Amino acid sequence: MTRKNLALCLALLALVPATLFAAPNFPVKPVEVIVGFAAGGGTHLAAELLSPEASKFLGQPIQVTCKPGAGGAIGATAVATARADGYTLLYATMSLPISLYMDSVDFSENDFVGVALASNVAPLMAVKADAPFSNAKEMKAWIAANPGKFSWSHPGVGSTLHVLGANMLFAMDVTKQVKEVPFKGTNEGISAVLGGHVTAVSSFPASILEQVRAGKMKIIGVSSPVRIAELPNAPTFIEQGYNAILTSTRGVFAPKKTPKDVLAALDVAFGKIIQSPDFQKRAITLGEPAVYADSAEFDRMYHEQCVMIKALLKEIGLTK
Amino acid sequence: MDILLETALQFVSIQVLLGIVAGVIAGIIGGGLPGISPSMTIALLLPISLYLPTPVAIGLMMGAYQGAMFGGSISAILINTPGTASAAATTIDGYQMALKGQSGKALKMALYASCSGGVIGTIILLAMAKPLSTIALKFGPPEYFGLMLLSLALIAGISGKSLLKGLASACIGLLLATVGMDPIYGTRRFTFRNINLSDGIQTLSVFIGVFALTELLTQLSQGRAALYKKADPLAVMDNKLSFKEYWGQRVNIIKSSIIGALIGVLPGIGGSTACFVSYAEAQRRSKHPEKFGTGVLEGVAAPEAANNAVAGGALVPLLTLGIPGDVVTAILVGALITHGIKPGPLLFIEDIGSVYTVYIAMFLAVIALLFVGQLGIPVFAKIVKLRKATLLPMILIICVVGTYASRGNLFDVALMILFGAVGFTMNKNKFPIPPLIIAFVIGSQLETSLRQSLILSDYNISIFFTRPISLVLMIVSVVFCFFMVRRNRKLANKTTIVINDSGEKEEA
C-alpha cells in the first residue's frame, strides 16, 4: 500500500517535468509491463528494476504483471493481442525468438517492435570442481574417450539456456556424444552437478558465481565475444577456438502497431530509466550487466536474432 | 557466540518486530486466500523489502513464509479449499471437523501444530544444516523417483473403503499430470493446441475445483431448506482444544515436523508432498486409522506441522549450498542478494552473521505467528456461523477470483469449473478425491525423475536398484504398499460400523 502511495506521490511530483519531454497526451495512466515468467524469478526481478524510476522519467508508474507459462509465450501472446496504445508492453528474453520457431505460437516475429535493450547476459557451461577436465579442449577429449558418460542439464526444452547450451556443445562438435537431461530449473541442475548425477550445467553467471568462488564448481567456457566482468578468469569459448559467442538479451517490446509518437515517447523514457545511475546500480547488484540500446537499434538486434536463431535451431537439430 | 549475540541484538528493535508481525499478517492473508500462494505473497512483498533495512526485510519475509504456511489451513478447514498447495492434506480432516462444528478446535490445532513445526524446523536447520545438505546432494533422479514412488504408495492408505476406486481416482490424477509439455522432449501432450495448457493443468484449478466447487455443488444439491438453515448449534460443545489434546499429538507433531524438514531439504519437492507423507505416517501409526478422513485431530496436526517445518528444511540448501529448496526460497535468493547477502557454500564461513539473522528471524516469526494466529482464529471461525445462503456465493466468488489471480488467466477459471463438475460426479459415485490430488501433485515429478534416471542409465532400470538410497526407497514403497493394502482389506469389513455409530454424513 505504502509503495503504491509513494509511487502515486512521485507520479504527481514528476507530472510537470514529464510533460516537457514526453508526447503531451502519453502516458495518462500507468503503463503495464508484462513478464512471461513466474513472479519472483530472474526475469521478473530484472523487469522490476525498471519500475522505481518510471514515474520520474515516464510520467507514470510502471506496473509489472507476471503472466507465466509456455516459456514466456503466454505473456507474449497477451501483448501481441493487446491494444497497441503503448500502455501494454512486454519484457522478454531470448525465449521470444526461440518460441517463434520451436513452438506453435499465435504470434509472429513482426507482432513486436523493440523499445529498449535492458540487459545482456552471457551463458556458460560449468562442471563440478573435481571433474577430470578443466577447459573445452580437455572436455572434448574426455567425451571422446568416455562415450556415454557425459551428461548436461538445462532448465527445460526450449528455454534460453537450453538453446545456448546446445549451441556451446554444437560449437565443440560433441552434440552426438552427450546426454541431455532437462531439469525444472537451473538450481535443480546445479544441485545435480554438485551431487555428481550429471556432468555439466548450462547456466547464467549469477546462479554459479558463489559455487565457483567456493571452489565447488569450475567453468569450462563462457559463450560471449569477450570475457565477462564477474568472472575475469573464466575463458570464453571463442578464445579456446570454439565458435560460441551467443549471449542472452532482455528488453522491452511494444506491439508492432503502436503509434509512432507513443513509441518515441517510450523510447526516450526507457532510455532515461535504463541509463540512470540508480538503475545501473541496482542492475549490477542483481548480477545484470548494465547495457542499453535504443528502440531503433534494439529492434534491429531483435530481427537479426530471429534470423540467426531460426538458422541455429535448424543447425543444432532442435527444429526441422 | 559474539556474532550470534550481536545479530540477536539487531532484532531488539520495534521496527524489526513490526516487520515480522506485518509479514506474518500478510502471510496469513495471502496463504488463506486461494490463488495467492506463499511464493506469490513473498513475491508481492519483495519490492517493498528492497527498501527496508536487512533485518527488517528478512523478518518480513520469514514472517510471511511461516504465516502463509499456516494461512493455507484456514480456508482448508473453513471452506474446504486449500489456500496453499501445502494445505491440501489438511483439507481432508480439517473440513470434516468444521462440519462437525469443531472449526475453532481444528484451527487451534492447525496453529499450534504449525508453530511447533516451525520451531522444530528451525532447530533442525540450526543443528544439522551442514550434514543435511550433504545428504540432499546424494539425491539424484533415481532417488527422487524412489521418493515419489513412496508417496504414490501412500494412496493405498487414503483410498477410503474401496481400494479399487482409490486406484481409479489416482489414475485420473496421474493422467491429468501428463497434460502439457513433455518434460524431456518438450512435445505438447493432450493440449489440443491450446497454449494455456502447455504448462499442464494448473494445480490451483484442480484443487479449487475438486475441493471447493465440488463441496459447493454437493451442498447445493441438498436442497433449499439446508441453505437457509442456521448453522448447527448442537456441535459447538466440543470446539475447544485442551492442552491434553495438544499434548496427545506431541509424537505425531514431532514426527511430522521431521518428515517435513527432511523433505523440505530436497530441492524441487514441494510442501504438499511432505504433508501427504506425514499425513499417511500419522494414519499408519494411529490406533484408529479408519477414522482418518472423518475429522480427527491427527489429520490436521500432521500436515500442518509438516508444512511449517518444510520452511526450515528448504532454507538448508539455500544457506549451505546456495541452492533454494523450493519456490519461496528461490524468491528469497533475490531478496538476500539485493541486501548484499550471497547465499552459497561460503556463506557459513564468510558471513555467519547473515545466517544467524535468518535463523533468528525464522524463530521470531514462529512466535509472532502464535500470537497473531491466537487473535485471528476467533474472527476466522465466525465464517462458519454464516447462513449457507450467504456463505456459498461468497465462496464461489473467492474460488473464481482466486483461480484467476494466480496467473491472470480466465482459461484456468473455466478448467476449475470443469473440475468442480468432475469432483462432484466422483463424489456422488463415491470415488475418493485425495488419491487424485496426490497423484496429480506428484505425477510430473515422478515422470520427470523416472525419465531423467533412464537417460542417465541408457534406459537400464537397474539404476533404481544399484544405488543404496534408491534401493531402500523402492523396498520401503513395496512393503508400505503391501501393509496398506492388507489393512485396507481388513478395514473394508469394519468401516460400515464406524460410520453408522458416528452418525455423520452417510459416507465420510
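Author: Buried area is the accessible area that two parts lose on being put together, summed over both. The model discussed here is predicted.

Reader: What is the area buried between chain A and chain B?

Author: The contact involves 40 residues of chain A and 48 residues of chain B. Carbon and sulfur atoms give 60% of the buried area. The total is about 3500 Å².

Reader: Which residue forms a salt bridge with A:Arg213?

Author: Two salt bridges are counted between chain A and chain B. A salt bridge needs the nitrogen and the carboxyl oxygen within 4 Å. For A:Arg213 the closest N and O atoms are 2.8 Å apart, and the partner is B:Glu350.

Reader: Which element gives the most to the side of chain A that touches chain B?

Author: Several elements supply at least two residues each, among them H2 (42–48), E7 (179–182) and H9 (205–213) of chain A. The top contributor gives five residues. That element is H8(A).

Reader: How many charged residues are in the lining of the largest cavity?

Author: The largest cavity holds about 70 Å³ of space. Its lining has 13 residues, with A:Gly72, A:Ala76, A:Ala92, A:Ser95 and A:Leu96 nearest the centre. H4, E3 (88–92) and H5 (95–102) of chain A each give two or more residues to that lining. By class it has seven nonpolar residues, six polar and, for charged, none.

How values were computed
Residues are numbered from 1 along each chain as its sequence is written. Chains are lettered from A and ligands numbered from 1 in the order in which they are written. This is a predicted model: local features need pLDDT of at least 70, side-chain atom pairs count only at pLDDT 80 or more; totals for chains, interfaces and linings use all residues. Side-chain values use heavy atoms; hydrogens and water are left out. Contact means heavy atoms within 4.5 Å. Buried area is the accessible area (1.4 Å probe) that two parts lose on being put together, summed over both. A salt bridge is a side-chain nitrogen of Lys or Arg within 4 Å of a carboxyl oxygen of Asp or Glu. Helices (H or I, at least four residues) and strands (E, at least two) are DSSP runs, numbered from the N terminus. On a 1 Å grid over the protein atoms alone, a cavity is a set of points where a 1.4 Å probe fits but cannot get out, and a pocket is an open set with protein on both sides within 12 Å along at least five of seven lines; lining residues have an atom within 4 Å of a point. Grid points are joined across faces, edges and corners, and a volume is the space filled by probe spheres set on the points. Ala, Val, Leu, Ile, Met, Phe, Trp, Tyr, Cys and Pro count as nonpolar, Asp, Glu, Lys and Arg as charged, and the others, Gly among them, as polar.
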